[in-house]
Every structure is written in C-alpha cells, then in structure tokens.
Amino acid sequence: QVQLVESGGGLVQAGGSLRLSCAASGRAFRNYNMGWFRQAPGKEREFVGRITWNGGSTSYADSVKGRFTISRDNAKNTMYLQMDSLKPEDTAVYYCAAQPLFTEVWTNWGQGTQVTVSS
C-alpha cells in the first residue's frame, strides 16, 4: 500500500494561483498512476485530473482544462497540482489518489487539503 499526504491548500483570491503537493510513502510510487479529486460542500467528489506512472500522459476534467496542470517527480515520490486562474467554484477539499497499474480502481486516498477561492 502507498500512503498519501496532501499539502499546499489555503485561501486565495479569484484569479490567483496555488500549488498542491501529494507526498507518497510506502510501496514504489512509480507503480501507480496518480490522480486529483475534489469535493465541494454539499456535492459529490469529482475527478479533477490524472497522470500516468511515468508522467507521460495527463488528462483533465473539462472544468479545469487549460487552468490546472498535474505533474510528478518520481525521485521525490511527489505529485503536484498547479492551479492557475482560480475561480470561486474551485473551492473544495482536494484529494490525491493512487491507482495501481493495469487497474481502474483508486485504492489509496489522502486526507484532503482545503482550497478556498474568494471572489
């Protein structure tokens, strides 16, 4: 199993930027595709984006495409979410998750970090 810890959340004004980090420990980080999800108050958790095990491919929800960028550093066992041009509707708890290679299941989750965007 891999353990995940998010950091970097906070309060930012609309139009601003934040970078979230997801630090992994335990089993080999490169054995997992990684993803970001978010959950706003009163809403279901939603997919934000995903990056393959070697960083060779990324995919994003339409709502964040062009504004958010996912990257990873396997040497540091860390994934990042660069969030630019933030909007109030981006306010949510952001979670990172791990997906073992050759599966479609997100098996490990972090505890979440709060992002609040003020208008």
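Predicted model: local features only at pLDDT ≥ 70, side-chain atom pairs only at ≥ 80, totals over all residues.
With a relative accessibility of 3%, Gln99 counts as buried, where buried means under 20% relative accessible area, exposed over 50%, and partly exposed in between (1.4 Å probe, protein chains only). Gln99 sits in strand β9; helices (H or I, at least four residues) and strands (E, at least two) are DSSP runs, numbered from the N terminus. When neighbours within four places in sequence are left aside, Gln99 is in contact with Asn31, Tyr32, Asn33, Arg50, Glu104, Val105 and Trp106, contact meaning heavy atoms within 4.5 Å.

Residues are numbered from 1 along each chain as its sequence is written, and side-chain values use heavy atoms, with hydrogens and water left out.

The model holds one disulfide, defined as a pair of cysteine sulfur atoms within 2.5 Å, and it links Cys22 with Cys96 at an S to S distance of 2.1 Å. The link of Cys22 and Cys96 is right-handed, with 65° about the S-S bond. Because Cys22 belongs to strand β3 and Cys96 to strand β9, the pair ties together parts that are 74 residues apart in sequence. Cys22 is buried, its relative accessible area being 0%, and Cys96 likewise counts as buried at 0% relative accessibility.

Glu6 is placed in strand β1 and, at 5% relative accessibility, counts as buried. Not counting residues up to four places away in sequence, Glu6 touches Ser21, Cys22, Trp36, Tyr94, Tyr95, Cys96, Gly110, Gln111, Gly112 and Thr113. A polar atom of the Glu6 side chain lies 2.8 Å from the backbone nitrogen of Cys96, and the Glu6 side chain also reaches the backbone nitrogen of Gly112 at 2.8 Å. The C-alpha atoms of Glu6 and Thr52, which are 46 residues apart along the chain, are separated by 18 Å.

Tyr94 is one of the residues that Glu6 touches. With residues up to four places away in sequence not counted, the contacts of Tyr94 are Glu6, Leu20, Phe37, Arg38, Val48, Phe68, Leu81, Met83, Gly112, Thr113 and Val115. Tyr94 also belongs to the largest nonpolar core: of its 29 residues, Met34, Trp36, Met79, Leu81, Met83 and Tyr94 touch the most other members. A nonpolar core is here a set of buried Ala, Val, Leu, Ile, Met, Phe, Trp, Tyr and Cys residues joined through side-chain atoms within 4.5 Å. Two or more residues of this core come from each of β1 (2-7), β3 (18-26), β4 (32-39), β5 (46-51), β7 (68-73), β8 (78-83), β9 (92-100) and β11 (113-118).

Several of these strands meet in an open sheet of four strands, which has the order β1-β3-β8-β7 and antiparallel pairing; two strands pair if DSSP finds at least two bridges between them. β1 and β7 stand at the edges with a single partner strand each, so one side of each is left without a neighbour in the sheet. On average, neighbouring strands of this sheet are turned by 20° against each other, direction ignored. Within the sheet, β3 and β8 run antiparallel and are joined by six bridges, and Leu18 has Met83 as its bridge partner in β8.

Strand β11 has partners of its own. Strand β2 (residues 10-13) runs parallel to β11 and is joined to it by four bridges, with Leu11 opposite Thr116. β9 and β11 run antiparallel through three bridges, and here Ala92 stands opposite Val115. The covered face of β11 carries Thr113, Val115 and Val117, whereas Gln114, Thr116 and Ser118 lie on the uncovered one. Gly10 of strand β2 counts as partly exposed at 24% relative accessibility. Gly10 touches Leu18, Gln114, Val115 and Thr116, residues up to four places away in sequence not being counted.

Finally, the loop between β7 and β8 contains Asn74, which is buried with a relative accessible area of 18%. Leaving aside neighbours within four places in sequence, Asn74 is in contact with Phe29, Arg30, Trp53 and Asn54.

How values were computed. Polar contact = N/O pair within 3.5 Å; in protein donor to acceptor, adjacent residues only side chain to side chain. Axes fitted to C-alpha atoms, helices over the stretch in contact; angles between N-to-C directions.
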